[in-house]
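Hello,

Here is the structure we discussed, for your files. My notes on the strands and the chain contacts follow below it.

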Amino acid sequence: MTEAVRVGGICKRFGAVTALAEVSLRIEAGEFFALLGPSGCGKSTLLRIMAGLEHPDQGSVFIDGIDVGRTPANRRPVNMVFQSYALFPHMSVRSNVAYGLRVTGTGRAEAHERAEAALGLVRLTGYGERMPHQLSGGESQRVALARALVKRPRVLLLDEPLSALDARLRDEMRLELVTLQKTVGITFIIVTHDQEEALSMADRVAVMETGRIRQVAPPAELYEAPADRFVATFIGQVNLFPATIGADGTAQAHPFPGVTARARGIGAGRQVWIAVRPEKITMAPRGGVPAGRLSGVVEEVVYRGDLSVYLVRCMAGPDGLVRVSRANAARTADRLPGPGTEVVLDWAEDCAVVLAS
Amino acid sequence: MRIPPGPLEFTRRTWIRLVLLATFAFLYAPIATLVAYSFNDSRRNIVWRGFTTRYYERAMANDGLVEAFGNSLLIALAATVVSTVLGAMTAYALWRFRFRLKPLCEGVVVLPIVIPEICMGVAMLVFFARIGWPGDLPWPISLSRITIAHVTFCFPFVAVVARARLSRFNDELAEAARDLGAGEWAVLRDVILPHMRPGLVAGALLAFTLSLDDFVITFFTSGPDTVTFPVKIYSMVRFSVTPEVNAASTVLIAVTVTVTVVAMWLQNRTRPGAAP
């Protein structure tokens, strides 16, 4: 694979705040890549540095193998979709889309033709004459996409593109963005704080926290094999048990003798965490079945429609609650244990992941 | 059945209607009287003697008055154009760039707004005398002194209005334009100036009306050959308040109102329902 974007050792400070600390990243051509993290983690700053709208204090940016450190934003082969869409309010939809071509010297006829083609790509044929204030949120979003795609950039940068849409439209646009990316074959880099968005759209995701990249991996790997505690808790729900590595290389949770996991490459005696996802845990009423890894009493049931979340008290204190989620495969809600039921919890050996930090 | 007024239906409460009526009467009764008495068939113009348009004809025939009116319009147009350009540039510079002593600069720009007009007038008089600005130039250029004086107190208004408009600019628009390939000038031309336009139109209107009816500063900077409309009316009033003065004033009111209405209509037509 060839690389589309490579950043190396990027540092950026805003006054006393460190936005990015030594960030390095390589994004392949044709990839749908997501920068995921809580607000203030520096993901938008990184995107803006790629676009040339922000200058790093240190480090380099390569696009298509060319150092663009000294190239101003208007000469970089990347285009951006802004969070507010930033459609020019005094121009028609067609002029908005054609702007990038017109301002760089493309003739009117050709620019309009290509603008119409780009509008067709986002399924807005016939919207050319409208003004931005006549568009709905979803339509504005598509116009912003068409405007950024019309110049056929090497890389399309999307800054929280779906955050202003309502939930239903957001789901639709996710699928559409993925289809669009496959159609045009351009590298997409999307910034989002929504883990579900990143997991469902991207080929690879970089999880960021306070200016650092914690892990870069495909969605499934990120979820099933998180690199550390931050990634494990930021993406989805997880039960964390404090544990110690024994002499045989097995992690043993402290108050729970049944909770063990195989650790690789971590020295004996180290403090670690054992992470188990709620949906990996099986739950059965006590008695009759073999004793599981944990036993406890259901304290609370949260009904979520497609699934229910059970908080099982396995020990007194704030760390004694274990979260279990079960799909509501049957229609009636009384087939699974209600509050007060004594249950045993179990999971397959490889479902427990050891986190060193 | 009569529905009692709701909490926010202020215009349906009798006492508020009365207050509104009184306010409008207070604001417009003098102007209405002025306009009505311009049609009064009486030289002394103290009691109503019957309708006539004679004094409009007489005002039209008064060469001095017509010339003063022409001067005023010319000065107002020139001052408006220069003030708008200067004001737009000032507002852009104060908004776009960071430099030393910027707060001081922002204060100094609006200073002419708060300095008493009489002081500005005297200052202008002294200034032009000191630098020896020639007073005997041929006609349109002879108005340059008044025009310059008008620009000094008009352009801060344009700058303030345009600056306020710019503070509501979404920076992402400029970034989007740059990202799409626009250089600094193209961003200014294609995105920032269109955004500033309503502010510039409002500022220009303000400058035009301020210049058209300015008396104090003009009085100090005008010469015997460069009389403006307000100065001319003042000199006419010193002899007697005839309906001719009313007629001339009514024409001035009509001009300013028309210009304002036309400008507002133009603005609404080009930006249909656009959010500010």
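Strands β11 (residues 239–245) and β12 (residues 250–253) of chain A pair in the antiparallel sense, over 3 bridges. In this pairing Thr244(A) stands opposite Gln252(A) of β12(A). Please keep in mind that this is a predicted model.

Both strands belong to an open sheet of 5 strands in chain A, with the order β13-β12-β11-β14-β20 and antiparallel pairing. β13 (260–262) and β20 (353–355) of chain A are the edge strands, each pairing on one side only. On average, neighbouring strands of this sheet are turned by 35° against each other, direction ignored.

Now the interface. 24 residues of chain A are in contact with 21 residues of chain B. The two chains, A and B, bury about 1,900 Å² between them, and 57% of that lies on carbon and sulfur atoms. On the chain A side, the most area is lost to chain B by Asn74(A), His90(A) and Tyr99(A), which together account for 26% of what that side buries.

As for specific pairs, 1 salt bridge is found across the interface of chain A and chain B. It joins the side chains of Arg48(A) and Glu175(B), at 2.6 Å from N to O.

At least two residues of the chain A side that touches chain B come from each of α1 (43–51), β6 (78–81) and α2 (93–102) of chain A. β6(A) gives the largest share, 3 residues. By class, that side has 13 nonpolar, 8 polar and 3 charged residues.

Regards

Conventions. Residues numbered from 1 in each chain as written. Chains lettered and ligands numbered in written order. Predicted model: local features only at pLDDT ≥ 70, side-chain atom pairs only at ≥ 80, totals over all residues. Heavy atoms only, no water. Contact = heavy atoms within 4.5 Å. Buried area = accessible area lost by both parts, 1.4 Å probe. Salt bridge = Lys/Arg side-chain N within 4 Å of Asp/Glu carboxyl O. Helix = DSSP H or I, 4+ residues; strand = E, 2+ residues; numbered from the N terminus. Nonpolar A, V, L, I, M, F, W, Y, C, P; charged D, E, K, R; others polar. Pairing = 2+ DSSP bridges. Axes fitted to C-alpha atoms, helices over the stretch in contact; angles between N-to-C directions.
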